[in-house]
Amino acid sequence: MTGTIMQPGVKALWDDVESRVAAGDRFAGLFATRPTEVAGSVGVAGSVGVAGVAGSAPITLSAHLATAGGIDTLEAALPPGAESYPALTPRLGAAFWYEREIHDTFGVVPEGHPRLAPLVRPCSPETPGDRALPRHVTGYGMFTIPHGPVRSGVLESIEYLVETPGEAIPHLNMRVFYKHRGVQDAFAGMTPADAVLLAERTEGIASVAHALAFSHAIEQIAGCEPPMTAQLVRVLHAELERIANHLDVAVRLADAAGLAVATARLALHKERVMRLVSRLCGSRFGRGVVVPGGITAAPLLPPAQLRAELDQLAKPIAADAAALMATSSFLDRLRGTGPLTPERARQHGALGPIGKAAWPADDARLARPYDAYRALAVPSARSHRAGDALARLRVRWEEVDQSFRLLRQVADDLAERAPDPYSVTCQPASGRAVGWSEAPQGEVLYDVRLEAGHITRCHPRSASFHNLVLMHEVFAGDILTDFPFIEASFGLSVAGVTL
């Protein structure tokens, strides 16, 4: 269940957020909206520059809190014409990037924010001084290495500003705005049936997870629940996506260590997983399967063949993972590299493998189960505290094993089930809801508002956005040659940050 609570002002909103986080709820996100006038009807805009935005219309701040039973939304409206508000970041550090995004998008200033450099939208060409390399550490021999946004290999556009005296990395900044695509604005005016296609492309490596979170929001508004067969197929594609993502991280770590055989073997396993996904639905990324109300069609492989294919994949993956984790030269490069302390992970509410490697981070499949996860025996994760690159990889291998166990349950259940519809009618007219899913990177949220069957606002929040800010905090004691290991171990997507 989810709920929305309107507060009388920003101070009351921040007081409520801070007290609930202290009581055990997890800060899950913050965004802003402003009412618009479009074609004679009132809607909601998500950014500056959208046609019809009334400059004097009040901005509403919305904070998401993850609870044991769902996602609560706490809100407060700024006074009409307000150009600033008291920042949440000094009270809750996890809001750091969220308030920078609000400043980029609406121009409203969070007073007291420690650093309002552009995040998701690039600097104005009229202010070239803003593009100068910032200096946060001074001293003899200090200089800044701009790494990116174009780098060798198939890598996303991001610029790392590495401040260093030569080897150590006392400070790291990230410029992610090169990847901004205006995805949030593109949702406006779409029907749910069209918008789920855009949700799949919001963060390509987590296509299924985004389609699920979006569809869950629409299904909450409509009050519908997909048939059990559809729920099982959703889990099937979500877990195959998880395995492919975790194998990709392992490939990048092995490559950073110069282990050519391990890199080739793990890349082969990832390719076989993606080919299985393609044979199941026609898309290597599992696109076109999940829709509001269910799925578009049954898997193209029968359950018995699916089960056999899963067994053929699981055994060699487990063997190569064991061989990699027994390679001392590889473990030496990961152990103690890029550590995130349990206390910092808890304060930030770190998600996915990054969070699970350092503290008992929740998993939406267990904490707020959805689809067939409510009926399946989801294995509990082991507890980790090291928080380093090695712990993050161990979490991923554990999740790969967990995924194969779930996939075997799904294949067996599909084999025993009598045929039932793939979807139910799900055409809500108006309403608002927050949907979620557990992507390979962690929790994905979609806050969706519908009016007259069309989307007036859709705010996606990926785990990549929530977690990537932590990367600049984990370089204490590390050197330049550790950089590729730390970046790969995070396993995040820049596309998921700058929507």
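**Exercises on aromatic pairs and a charge over a ring**

Tyrosine 370 and tyrosine 373 are both buried (under 20% relative accessible area, 1.4 Å probe, protein chains only). The model is predicted, so that local features need pLDDT of at least 70 and side-chain atom pairs count only at pLDDT 80 or more, while totals for chains, interfaces and linings use all residues. Residues are numbered from 1 along each chain as its sequence is written, and side-chain values use heavy atoms, with hydrogens and water left out.

**Exercise 1.** Classify the aromatic pair of phenylalanine 187 and tyrosine 446.

*Solution.* 
1. Rings of Phe, Tyr and Trp (its six-membered ring) pair if their centres lie within 6.5 Å; planes under 30 degrees apart are stacked, over 60 edge-to-face, and the rest tilted.
2. For phenylalanine 187 and tyrosine 446, the centres are 6.3 Å apart and the planes form an angle of 85°, which makes the pair edge-to-face.
3. This pair links distant parts of the chain, 259 residues apart: phenylalanine 187 belongs to helix H3 (residues 183-187) and tyrosine 446 to strand S14 (residues 442-451). Helices (H or I, at least four residues) and strands (E, at least two) are DSSP runs, numbered from the N terminus.
4. Phenylalanine 187 and tyrosine 446 are both buried.

**Exercise 2.** Classify the aromatic pair of tyrosine 370 and tyrosine 373.

*Solution.* 

**Exercise 3.** State which residue lies over the face of phenylalanine 285.

*Solution.* 
1. The criterion is NZ of Lys or CZ of Arg within 6 Å of the ring centre and within 35 degrees of the ring normal.
2. Arginine 287 lies over this face, at 4.9 Å from the ring centre of phenylalanine 285.

Notes
Buried means under 20% relative accessible area, exposed over 50%, partly exposed in between (1.4 Å probe, protein chains only).
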